[in-house]
Amino acid sequence: MNELKIVIQEEIFTSNITTNLVLPLFLEYDGTYFPNKQWTDFADILNMWTYTLLKHIRKKEAKFILYFMDGPYRLDVTKDKEMKVTIQFINFRNEELTEQTIQCDYVDLLTAVYKAVNKFNKILYNKEMHIGRFEAIYKQSLIASKELKVTIGRLL
């Protein structure tokens, strides 16, 4: 079975005027990449995706969107009562185009986000960005990681 992965790489781009962090971040599934293998986006989407997923955990059925922040891309997610999800990888640059549709368990989607959040935390720590200017981002990401871990543990 193919595993959904949220790939993040260690290079982080910062600005002198904001605390926004941008890094290479994309999805990998069955040898394909979305939006693409060179995509960079705001690290904030990891927290946004975390809390969107946690918000819908108790709903028997749900439809929601996980947005990329730096371009016309999104994930349209449909969760059914068996905790299975259908994820459409959407490009809406000119017109709405479904680039790929996959199915997996809700816990697999949560796990992919959890692994990405943990990797992001390690990157921040190793680059000594867990203190000082980016400390609040690091602390928020640690909270997201803990909430995901607890939720995944309850589902398994």
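How many residues does H2 have, and how far does H2 reach from its first C-alpha to its last? Select residues 106-126 to find out. This is a predicted model, and in it H2 has 21 residues and reaches 30 Å, close to the 30 Å expected at 1.5 Å a residue.

Two packed helices are described by the angle between their axes and the distance between the axes. Angles over 145 degrees count as roughly antiparallel, so H2 is roughly antiparallel to H3. Their crossing is left-handed.

Show the side chains where the two helices touch. On H2, the contact residues include Val-107, Leu-110, Tyr-114, Val-117 and Leu-124; on H3, look for Ile-137, Leu-142, Leu-148 and Ile-152, among others. The residues of this contact divide into 15 nonpolar, 6 polar and 1 charged.

Next, step just past H2 to Glu-128, which takes a positive phi of about 55°. Most residues other than glycine have a negative phi, and most peptide bonds are trans. The remaining stops are in loops between strands.

- Select Asp-30, in the loop between strand E2 (22-29) and E3. Its phi is near 55°, a positive value.
- Move on to Pro-35, in the loop between strand E3 (32-34) and strand E4 (40-42). The peptide bond from Phe-34 to Pro-35 is cis, with omega near -5°.
- Finish at Met-83, in the loop between strand E6 (73-79) and strand E7 (84-91). Met-83 has a positive phi of about 65° and, at 22% relative accessibility, counts as partly exposed.

Conventions:
Residues are numbered from 1 along each chain as its sequence is written. This is a predicted model: local features need pLDDT of at least 70, side-chain atom pairs count only at pLDDT 80 or more; totals for chains, interfaces and linings use all residues. Side-chain values use heavy atoms; hydrogens and water are left out. Axes are lines fitted to C-alpha atoms, for helices over the stretch in contact, and angles run from 0 to 180 degrees between N-to-C directions. Helices (H or I, at least four residues) and strands (E, at least two) are DSSP runs, numbered from the N terminus. Angles under 35 degrees count as roughly parallel, over 145 as roughly antiparallel, 65 to 115 as roughly perpendicular and the rest as oblique. A crossing is left-handed if the near helix is turned anticlockwise from the far one by less than a right angle, and right-handed if clockwise. Contact means heavy atoms within 4.5 Å. Ala, Val, Leu, Ile, Met, Phe, Trp, Tyr, Cys and Pro count as nonpolar, Asp, Glu, Lys and Arg as charged, and the others, Gly among them, as polar. The expected span of a helix is 1.5 Å times one less than its number of residues. Buried means under 20% relative accessible area, exposed over 50%, partly exposed in between (1.4 Å probe, protein chains only).
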